[in-house]
Amino acid sequence: MFNLERLRALHAVAETGSVAAAARALHVTPSGISQQLNKLEREVGVPLLAPQGRGVRLTEAGWVLARRTGEVLSVLAQAEAEIASLQSEVTGRLRVGALVSPSRTVLPRAIAEIKQNHPRLEITFHEGESEELLPALIRRDLDIVVVDSWSTAPVELPDEISFIPVHDDVAVVALPASHPLADNKIVALRDLSDQAWATWTPGTDFHAFTVRMLRAQGFDPRIEYEVAEFPAQVEFVAQGLAVALIPRLARVVPPEAVRMLDTIPPLGRSIYLAWRTDSDRPAVRAAIEALRRQFDALDGQPLNP
């Protein structure tokens with residue numbers, strides 16, 4: 001009989017692409033992963049890994065075993081969910097992940113609501129971007145996540161993920177009040193080709209989104225200020241140093257020196273709740289209900305001026 005922890009190690013290598021990444025996903029050392037894989041190979045009797053450059057790749061037998069292990073883990077998760085559903089009280093652990101924008105308002109209120117209704121439920125929270133939250137969900141490092149999908153770059157959600165839309169958002173452009181276009185009701189992004197821009201640091205989703213959108217308008221943005229917070233970016237705008245794209249969901253209240261304007265083209269995105277289909281347990285359902293209520297509550301709140 002195969003050892004489940006060794007199978008998890010192989011599955012993690014297949015999911016993450018390397019021994020080092022698998023070790024991070026499982027919160028163990030790379031040497032610990034290697035030892036588990038060596039023991040598993042001896043149990044199976046055939047090579048499961050082969051050298052590839054400085055790393056390794058799965059052999060055909062390795063891929064077969066990793067794929068079947070994924071099916072086993074899914075069945076175990078379903079069994080866990082079914083057992084949890086028999087409990088009258090929502091307990092255990094819930095790991096939530098979300099984008100930066102809803103983390104400022106929606107997530108604290110939703111988590112507070114869940115804790116009030118289910119005080120024995122242990123909740124942890126991780127802020128991140130869609131490109132890291134979804135893999136963490138697939139790896140079972142997170143139980144439910146809040147992710148986005150821009151109309152200009154729709155996200156692809158894997159088959160094993162269930163999801164529901166909970167909010168429609170739009171990005172607006174922040175201009176200094178002294179800017180010649182600041183009194184307009186709407187601004188064409190192509191008319192801002194000569195401006196300095198403030199946005200997130202390279203490698204983040206929103207930085208890539210900003211560059212991609214502005215290139216689509218015919219110019220490479222001159223990004224002079226890389227700032228990892230929307231309110232901080234707006235402060236650079238207030239000083240007349242830059243312009244910036246800001247999602248309304250960020251709920252940034254602009255100072256008097258800043259104008260928030262709609263854009264041509266419009267920059268819309270959908271916000272989704274996502275969870276593993278095989279993890280439909282009471283804690284996840286409680287999170288879905290609370291998050292939906294808090295996103296619904298946004299409809300009654302004023303957007304940025």
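How many aromatic pairs does the count come to? The count comes to seven aromatic pairs. They belong to a predicted model.

A pair of aromatic rings is described by the distance of the centres and the angle of the planes. Take Trp 150 and Phe 209. Their ring centres lie 4.0 Å apart and their planes meet at 20°, so this pair is stacked. Trp 150 sits in strand E5 and Phe 209 in helix H8, so the pair ties together parts 59 residues apart in sequence. Both Trp 150 and Phe 209 are buried.

Now take Phe 206 and Phe 230. Here the ring centres are 5.0 Å apart and the planes stand at 80°, so the pair is edge-to-face. Phe 206 belongs to helix H8 and Phe 230 to helix H9, so this pair ties together parts 24 residues apart in sequence. Phe 206 has 7% relative accessibility, so Phe 206 counts as buried. Phe 230 has a relative accessible area of 3% and is buried too. Ring pairs link Trp 150, Trp 200, Phe 206, Phe 209 and Phe 230 into a cluster.

Follow Phe 230 into helix H9, residues 230–238. The buried residues of H9 are Phe 230, Gln 233, Val 234, Val 237 and Ala 238. Why do they lie on the same side of H9? They cover an arc of only 150° around the axis, and that puts them on the same side. An α-helix has 3.6 residues a turn, so residues three or four places apart point the same way. The cover over the buried residues of H9 includes H5, H8 and strands E6, E8, E10 and E11. Just after H9, Gly 240 takes a positive phi of about 75°.

Trp 150 and Phe 206 are among the residues nearest the centre of the second largest pocket, along with Ser 130, Asp 148 and Asp 205. This pocket has 22 lining residues and holds about 350 Å³ of space. Helix H8 gives the largest share of its lining, five residues. By class, the lining has 12 nonpolar, five polar and five charged residues.

The largest pocket holds about 1,100 Å³. Its lining counts 41 residues, with Arg 8, Glu 80, Arg 95, Arg 139 and Arg 140 nearest the centre. Helix H4 supplies the largest share, seven residues. Other elements that supply at least two include helices H1, H2, H3 and H10 and strand E3. The lining divides into 15 nonpolar, 11 polar and 15 charged residues.

Methods
Residues are numbered from 1 along each chain as its sequence is written. This is a predicted model: local features need pLDDT of at least 70, side-chain atom pairs count only at pLDDT 80 or more; totals for chains, interfaces and linings use all residues. Side-chain values use heavy atoms; hydrogens and water are left out. On a 1 Å grid over the protein atoms alone, a cavity is a set of points where a 1.4 Å probe fits but cannot get out, and a pocket is an open set with protein on both sides within 12 Å along at least five of seven lines; lining residues have an atom within 4 Å of a point. Grid points are joined across faces, edges and corners, and a volume is the space filled by probe spheres set on the points. Helices (H or I, at least four residues) and strands (E, at least two) are DSSP runs, numbered from the N terminus. Ala, Val, Leu, Ile, Met, Phe, Trp, Tyr, Cys and Pro count as nonpolar, Asp, Glu, Lys and Arg as charged, and the others, Gly among them, as polar. Buried means under 20% relative accessible area, exposed over 50%, partly exposed in between (1.4 Å probe, protein chains only). The arc is that of the directions from the helix axis to the C-beta atoms. Contact means heavy atoms within 4.5 Å. Rings of Phe, Tyr and Trp (its six-membered ring) pair if their centres lie within 6.5 Å; planes under 30 degrees apart count as stacked, over 60 as edge-to-face and the rest as tilted.
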